Amino acid sequence: NRPAAEVISSFESALKNVDFRYLIKIGARMAGPRVAYLRKIPYVIVDAALPDRMDSGTENLYSKPVFLGAQEYFLTTQFTWRYPERFPELGNVTVVTYPMSQRTKDILTELRLTPDAAIAERVRSFVPEVKNEQFESSVALIVTGSYLGELSDRVTYGGWLTARQYDQLVGFVRRFITDLGECARKRILVYMDRELLDMVSDLGEKYRRTLVLCTSRSPQWSYEEEFLIQRFADVLISRAANYQPFMAYLQRGGIVTTPVPSDGYMDEDQAAQQSAALGLTQFIPYADEQYARKVLAFLKDRSRQRQITENVAKMQETMFAQRDAVELICRRIEVRSLR
């Protein structure tokens, strides 16, 4: 969360005496690759989105020469995304899977094959409401809490959300909980990050008869809990089409994609439409006046969910056979070493 010049200086200092032959950068800001660029050391960039912007010169965190100088820009997702050509000069982009370790793949495969009752038992260890409350179905909001709960994350670290985008996301979460509480006929458990739960705690009290709002009780966040929640919930509502690698590997069929912030943020609007056209998700725009009712209808539509499961499974097989990020990065490095 420091000024760009200070971040750049820190990277320069840290790498000054490091003898490295290749650099792999995960994330959008270019302080690390800048060092490799200036030292004429090859590098690749791995990120879940195209650059927010490309600035001239090298004394900034979004350096155009550094972006263009990468041997490859690996754009991560879980489907065959046709990304928009906002930067036609950026000709080094390759769409790939998320870089998953074999251990992560093994965990996700094990969870996918585990019976529902055993998954629920494990979730009870960090979400006691699963054990103590009565509910007919469950929904998980896949929205990163720090988008809303941390001022430093929102404004300084990458400038994730403008004030308008922040208001979109807050308004969407509160409207969804309100409308779901009004429309639900049977009790629903809704899981979300702690920061989101704090933001709607008043609604939890208001709709106590129809909704069970909850979050993890663990002192620290963990990937494995995230995997378990995505395996456990009947419906997953994701704010980003390109950030569903784990639920896709779990072959979840109950996926609703709602790009928010909308209006082109990280190109997620058109990504969601493409994903829906491929039959990989149920796309519901965030501003849909009947949003909660459509989620409830999808919750009951087992046939539609089964079809999404089949499509997601086929897509995952294709992606990891042809576009495995780890394999392609290793291949790139091996080609370089052979030279």
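This is a predicted model: local features need pLDDT of at least 70, side-chain atom pairs count only at pLDDT 80 or more; totals for chains, interfaces and linings use all residues.
Contact here means heavy atoms within 4.5 Å.

Now for the nonpolar interior. In soluble globular proteins, nonpolar side chains tend to be buried together. Here the largest nonpolar core has 72 residues, and the ones touching the most other members are Phe176, Ile177, Ile188, Met192 and Ile237. Helix α9 (residues 163-183) is the top contributor to this core, giving 8 residues. Apart from that core lies another, of 28 residues, with Ile119, Met100, Cys214 and Ile255 among them. As for Met192, its partners, leaving out residues up to four places away in sequence, are Leu141, Ile177, Leu197, Val200, Leu213, Cys214 and Thr215.

Next, follow the chain to the stretch between β9 (255-257) and α14 (268-277). The loop between β9 and α14 holds proline 261, and a cis peptide bond with omega of about 0° joins valine 260 to proline 261. Most residues other than glycine have a negative phi, and most peptide bonds are trans. Methionine 266, in the loop between β9 and α14, has a positive phi near 55°. Aspartate 267, also placed in the loop between β9 and α14, has a positive phi of about 60° although it is not a glycine.

Just after α14, glycine 279 takes a positive phi of about 75°.

Which one is buried and which one exposed? Aspartate 288 has 15% relative accessibility and the cut-off for buried is under 20%, so aspartate 288 counts as buried. Glutamate 289, at 68%, counts as exposed, because exposed means over 50%. Setting aside neighbours within four places in sequence, aspartate 288 is in contact with Arg175 and Lys294. Glutamate 289 is 110 residues from aspartate 179 in sequence, yet their C-alpha atoms are 9.6 Å apart in space. Aspartate 288 and tyrosine 73, by contrast, are 215 residues apart in sequence and 35 Å apart, C-alpha to C-alpha.

The last stop is a helix pair. Helix α15 (residues 291-300) packs on helix α16 (residues 302-322) at an angle of about 75°, and their axes are 5 Å apart. That angle makes α15 roughly perpendicular to α16. On the α15 side, Phe298, Leu299 and Lys300 take part, meeting Arg302, Arg304, Gln305 and Ile308 in α16. Sorted by class, this contact has 3 nonpolar, 1 polar and 3 charged residues.

How values were computed
Residues are numbered from 1 along each chain as its sequence is written. Side-chain values use heavy atoms; hydrogens and water are left out. Axes are lines fitted to C-alpha atoms, for helices over the stretch in contact, and angles run from 0 to 180 degrees between N-to-C directions. Helices (H or I, at least four residues) and strands (E, at least two) are DSSP runs, numbered from the N terminus. Angles under 35 degrees count as roughly parallel, over 145 as roughly antiparallel, 65 to 115 as roughly perpendicular and the rest as oblique. Ala, Val, Leu, Ile, Met, Phe, Trp, Tyr, Cys and Pro count as nonpolar, Asp, Glu, Lys and Arg as charged, and the others, Gly among them, as polar. A nonpolar core is a set of buried Ala, Val, Leu, Ile, Met, Phe, Trp, Tyr and Cys residues joined through side-chain atoms within 4.5 Å. Buried means under 20% relative accessible area, exposed over 50%, partly exposed in between (1.4 Å probe, protein chains only).
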